[in-house]
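I opened this entry to look up how the two chains are built and where they meet. I begin with the make-up of one chain and then turn to the contact.

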Amino acid sequence: MPPPGGFEAVKYKRNLPFRGPGGLAILGAVAAVCAYGFYRVGKGNLERRELQREKVWSRIHLVPLLLAEGDRDAFRRQQAALEREKEIMKEVKDWEPGKSVYHGARYRSVESIVIL
Amino acid sequence: MSVFHDSSSSSAPYKDSTPLPDSVPKVQELGVTSAPLKSAAFFIGAYCKDYNEDFMLCKNEAGGDPGRCLKEGRRVTRCATDLIAKMRENCLEQFETHWNCLEMNNQEYYACRKPERTLNKCMFEKLGLTKTIPGTPAGQKQIHEVEKPIYTTLQR
């Protein structure tokens, strides 16, 4: 005899809980994140180039200033070396102080300096 | 004739034993350290453009001889001294904030955009000098004017 109210419905449907987004969705999401990351990297590279340009130009603007200061010191050393040479070689006949060992008028910096 | 004297063992203050010859006019050296120089670099470039270019052209013609461009060099130094004095007169606070920031941040410009902007604003208002970086691609903002840069002191 069936129970009052009839039999329970037969459970024939599959009972699978939701197991997260599918493979295509995950692939798409990863691809999107990577694409955004690479976009930022590209932007960052361009920005780094500009930062480098800024740094280089800040140095270029300072070159004349530092060079002028260095030149004055180099000239002072040059003159001092000349004086020293005159003093040391005054006994030697026909000695020309400060004469280059090379022919030609091209400027050559001294090979050795005396730090005083 | 110059003789070596150890300055650490001397009781008298240091005296240059081989000064510049009297034929060369004296000029006060700038005596500014690297961070203030870096902070002021673009303004020096803008303010002293003529003198700087004159000096570099002269150096190019002189072929490296330090004695041949002393006059132009003195002009360059005097111009820079003038500019630093003007900066200190007009924008002392902003200038000091910026170069102290540079000092604390490995002298990187990108780390000090906030103080830099106030300094640039002050320099433009008081002295009419602007910071322009040559060679910035056309139609792009200059790097120091970008609102949201990618490279900041914060790693994101």
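I counted 4 helices and 0 strands in chain B, taking helices (H or I, at least four residues) and strands (E, at least two) as DSSP runs numbered from the N terminus. Read along the sequence, the pattern of chain B is α-α-α-α. The radius of gyration of chain B is 20 Å, well over the 15 Å that the globule rule gives for 156 residues, so chain B is more spread out than a compact globule; the radius is taken over C-alpha atoms, and the rule is 2.2 Å times the number of residues to the power 0.38. I also noted that the C-alpha trace of chain B spans about 60 × 40 × 30 Å along its principal axes.

A note on the source: this is a predicted model, in which local features need pLDDT of at least 70 and side-chain atom pairs count only at pLDDT 80 or more, while totals for chains, interfaces and linings use all residues. Residues are numbered from 1 along each chain as its sequence is written, and chains are lettered from A and ligands numbered from 1 in the order in which they are written.

Next I looked up the contact between the chains, where two residues are in contact if their C-beta atoms, placed from the backbone, lie within 7 Å. The contact takes 42 residues from chain B and 33 residues from chain A. On the side of chain B that touches chain A, the elements giving two or more residues are α1 (34–47), α2 (49–62) and α3 (70–104) of chain B, and the largest share, 6 residues, comes from α1(B).

Which residues have the most contacts inside the largest nonpolar core? I found A40(B), F43(B), I44(B), C48(B), V76(B), A80(B) and L83(B), in a core of 31 residues; such a core is a set of buried Ala, Val, Leu, Ile, Met, Phe, Trp, Tyr and Cys residues joined through C-beta atoms within 7 Å, and a residue is buried if 20 or more other C-beta atoms lie within 10 Å of its own. At least two core residues each come from α1 (23–88) of chain A and from α1, α2, α3 and α4 (113–127) of chain B, with α3(B) giving the most, 11 residues. Leaving aside neighbours within four places in sequence, I found A40(B) in contact with L83(B), I84(B) and M87(B).

Finally, I noted that buried residues make up 30% of the 156 residues in chain B.

Note on methods: Buried ≥ 20, exposed ≤ 12 C-beta atoms within 10 Å, placed from the backbone.
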